[in-house]
Amino acid sequence: MSKLPKAYKFIDVSDYGRPIARTIANALKNTSITPVQVTIGFIISGLIAIVCMLSGNYWAAAFFLILKSILDAADGELARLKNTPSYTGRYFDSIADIMLNLLFLITITAITNTNFMYTLLAFVGLQLQGTLYNYYYVILRNAANGDTTSRIFEDETPIALKGEKQEVVNRLFKTYKFLYGKFDRAIYLLDPTAVDSKPFPNWFMTSVSIFGLGFQLLLMSIMLVLQLAHYIIPFFILFSVMIFVFILIRKIVITASV
């Protein structure tokens, strides 16, 4: 099952692990394993990647970073196959992502002796990049009548879906808002009119997908195996300039063409 109707599907370069994720989800479809348990699996994979980085085993670290990306896609695939969408899974997944992102960058800081202030800048940049991509992606999904588990504006606590507890949703939502709220607001302030846009063209979404978490982790993996760990923090700081490039493209080129 796809998050988008066929006409609006685009090549998502951050979603390279989707075919394997679907295979995993299909294998788990008729088992008792839940999407949240798969999310726990990607957390474990991320933590193993950190241990590998600290021990200098960068090839293994790259493997587990990419495995983390695959499992990150598999939990959602499994939820759709089992027809068990949930806000619990959606927020737990996002909370795990942001915490692991911070831990990845802190680990890279430790092995490269980078100034921690640069690490914080890289983390903010990394999150703003991912937030811009998710912002445009959710807008597209809503405009194209696709999957609506994610909302453009996460302002109010959602009503729990079948099979989940409202109390758990409430707690996870508060945590999500605390961790992501400032990034969401920053991106909205940079491009508030995007929410009224018609569905974005496929070429634009493919371009913005370089900000997707999967592609970010792939870039980290490549730089690790190429012994370029010292460049990871500076790269993600400078890469943030592309945020303004994509917003300008969205405002000038795409708005003029619709």
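Mentor: A residue counts as buried when its relative accessible area is under 20%, as exposed when that area is over 50%, and as partly exposed in between. The model discussed here is predicted.

Trainee: Is Asn101 buried or exposed?
Mentor: Asn101 sits in helix H4. The cut-off for burial is under 20% relative accessible area. Because the relative accessibility of Asn101 is 4%, the residue counts as buried.

Trainee: With which residues is Asn101 in contact, leaving aside its neighbours within four places in sequence?
Mentor: The count rests on heavy atoms within 4.5 Å. Once the neighbours within four places in sequence are set aside, the contacts of Asn101 are Phe123, Leu126, Gln127 and Leu213.

Trainee: Which residues of the largest nonpolar core have the most contacts inside it?
Mentor: The largest nonpolar core contains 69 residues. Helix H5, residues 116-143, gives the largest share of this core, with 11 residues. The core members with the most contacts inside it are Tyr136, Met205, Met220 and Phe236.

Trainee: Which residues are in contact with Tyr136, leaving aside its neighbours within four places in sequence?
Mentor: Tyr136 is one of the residues with the most contacts inside the largest nonpolar core. Apart from neighbours within four places in sequence, its partners are Asp191, Ala194, Phe200, Phe204, Met205, Val208, Phe246, Ile247 and Arg250.

Trainee: How far apart are the C-alpha atoms of Val138 and Ile48?
Mentor: Val138 belongs to helix H5, and its relative accessibility of 9% makes it buried. Val138 and Ile48 are 90 residues apart along the chain, and their C-alpha atoms are separated by 31 Å.

Trainee: What does helix H2 reach from its first C-alpha to its last?
Mentor: Helix H2 runs over residues 35-54 and has 20 residues. At 1.5 Å a residue the expected value is 28 Å, and the helix comes close to it, reaching 29 Å.

Trainee: Against which helices do the buried residues of H2 pack?
Mentor: The buried residues of H2 include Phe42, Ile43, Gly46, Ala49, Ile50 and Met53. An α-helix has 3.6 residues a turn, so residues three or four places apart point the same way. The helices against which the buried residues of H2 pack are H1 (18-28), H3 (58-81), H4 (87-112) and H8 (213-225).

Trainee: Which residues are in contact with Ile50, leaving aside its neighbours within four places in sequence?
Mentor: Ile50 lies in helix H2 and is buried, because its relative accessible area is 11%. Its C-alpha atom is separated by 8.8 Å from that of Ile108, 58 residues apart along the chain. With neighbours within four places in sequence left out, the residues in contact with Ile50 are Leu103, Phe104 and Thr107.

Trainee: Which residues does Ser69 contact, leaving aside its neighbours within four places in sequence?
Mentor: Ser69 is placed in helix H3, where its relative accessible area of 11% makes it buried. Beyond its neighbours within four places in sequence, Ser69 is in contact with Tyr16, Gly214 and Leu217.

Trainee: What positive phi does Asn83 have?
Mentor: Asn83 is part of the loop between H3 and H4. Its relative accessibility is 62%, so it counts as exposed. Although Asn83 is not a glycine, its phi is positive, at about 55 degrees.

Trainee: Is Asn113 buried or exposed?
Mentor: Asn113 occupies the loop between H4 and H5. It is not a glycine, yet it has a positive phi of about 55 degrees. Because its relative accessible area is 71%, Asn113 is exposed.

Trainee: Which residues are closest to the centre of the second largest pocket?
Mentor: The second largest pocket holds about 210 Å³ of space. Its lining comprises 13 residues, and those closest to its centre are Pro35, Val36, Thr84, Ser86 and Gly163.

Trainee: How do the residues of the lining of the second largest pocket divide?
Mentor: Helices H2 and H4 each supply at least two residues of this lining. By residue class, the lining of the second largest pocket divides into 4 nonpolar, 6 polar and 3 charged.

Trainee: What separates the C-alpha atoms of Leu228 and Phe215?
Mentor: Leu228 lies in the loop between H8 and helix H9 (232-239). With a relative accessible area of 31%, Leu228 is partly exposed. Leu228 and Phe215 are 13 residues apart along the chain, and the separation of their C-alpha atoms is 17 Å.

Note on methods: Residues numbered from 1 in each chain as written. Predicted model: local features only at pLDDT ≥ 70, side-chain atom pairs only at ≥ 80, totals over all residues. Heavy atoms only, no water. Core = buried A, V, L, I, M, F, W, Y, C linked by side-chain atoms within 4.5 Å. Buried < 20%, exposed > 50% of the residue type's maximum accessible area, 1.4 Å probe, protein only. Helix = DSSP H or I, 4+ residues; strand = E, 2+ residues; numbered from the N terminus. Expected span 1.5 Å × (residues − 1). 1 Å grid on protein atoms, 1.4 Å probe; cavity = no way out; pocket = protein on both sides within 12 Å on 5 of 7 lines; lining within 4 Å. Points joined across faces, edges and corners; volume = space filled by probe spheres on them. Nonpolar A, V, L, I, M, F, W, Y, C, P; charged D, E, K, R; others polar.
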